[in-house]
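Look at the backbone of this protein before reading on.

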Amino acid sequence: MSLANGRSHLAIPGPSIMPDRVLQAMHQPAPNIYEGALVELTAGLVPDLKWVAGTEHHVAMYICNGHGVWEAALANTVAPGEKVLVPSCGRFGHGWAEFATRMGIEVELIDFGKRAPMDLEVVGRALEADKDHKIKAVLATHVDTSSSVLNDIPALRKLMDDLSHPAMLWADCVASMGCDRFEMDAWGVDLAITASQKGLMTPPGMAFIFFSPKAQAAREGMKMVSPHWDWNARAFPQMFYEFFGGTAPTHHLFALREALNMMREEGLESIWKRHDVLARALWAAADVWGQDGPMELNIADPACRSRAVTSLRLESPNATALRDWVSANAGVTLGIGLGMVEMGDPAWHGFFRVGHMGHLNAHGMMGVIGVMEAGLQALQIPHTGGAVAAAAGVIAKG
């Protein structure tokens, strides 16, 4: 007998749960890709995508994942031999830096570890030392999906302005957009990237670059941009196929249209508030569990935690044991502890993540917390009881 029979729950930090409405939107025949309804649908996606990002500027759509738009952003604006600054707070900051290095770009990487946000004083010293303004862009990660750290992008913008540094400010919002508050234009971000499979509640396979006139000026200054990654045709198409550099991802577009409809119906302020309450419910539970046991939130300061994903520590081999138990016995899938240590290290089994992004409500979050507590009891992992009540108290207050 298994209590996992029934509808399963995916609590990993992407791909996130796809709403029934999104799944049903894809259940239709392949459309005409040359004219008609699909062309009109795609044109309507542009203003709604810009609404989610908080920008009046431009968006380019790609058939790829977040790693693809890492490369696309660099290919459009930074030439080999030019320099970028990367303040990294987890695996994905390092990943963007690695892409730049492999493209022949000079990278100044500042590693802030995996348990805290970027230190703006340290970033400021790096920018002040750049007397010749060789740094063309600062590649910041709004939320690092591995560590679950939330960086203060407006404060970084203010720092750059105070120092009168002309570099572009970029933000990796793959984990955060549609979950954590992000306002591209109001925050002075020049380029932001995201992907379809997290807050946008759409299957993996599409990703997006939002870019300002300053970033477009950098694009126009490039001597060469590879045809596939060039955002000019995608953001300013003369023919429909140019949106995607070829055949459109038809059923992803159907899904994305319905997901954006749902987001419009709820409203961004409500979406951000819902994610905040559900995240705080999980944090309250983890704080209780950790009073008499090894459970620990990876990011100590609540102000520096993402509302989309939470990274936790549970001492090896407890984290893997808990993930295995809740999957086999309760139908809940928790995320692995990506990037905290190498997978071959026994300590790898002491980290895990909970995704709470996109299509999630109170009973979904409470269900995850409840089965996690059941797993801790079944596995006799030391912990303090009462976490479910603590989470319920957060949700009751809203």
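Is S164 buried or exposed? At 55% relative accessibility, S164 counts as exposed; the term means over 50% relative accessible area, while buried means under 20% and partly exposed lies in between, with a 1.4 Å probe and protein chains only. The model is predicted, so local features need pLDDT of at least 70, side-chain atom pairs count only at pLDDT 80 or more, and totals for chains, interfaces and linings use all residues. Residues are numbered from 1 along each chain as its sequence is written, and side-chain values use heavy atoms, with hydrogens and water left out.

Most residues other than glycine have a negative phi, and most peptide bonds are trans.

S164 is not a glycine, yet its phi is positive, near 55 degrees. S164 sits in the loop between α6 (153-162) and β6 (168-172). Helices (H or I, at least four residues) and strands (E, at least two) are DSSP runs, numbered from the N terminus.

E315 is exposed, with a relative accessible area of 52%, and lies in the loop between β10 and α12.

The loop between β10 (309-313) and α12 (318-330) also holds P317. The peptide bond that joins S316 and P317 is cis, with omega about 0 degrees.

Which bond is cis at P15? The one from G14 to P15, where omega is near 0 degrees. P15 belongs to the loop between β1 (9-11) and α1 (20-25).
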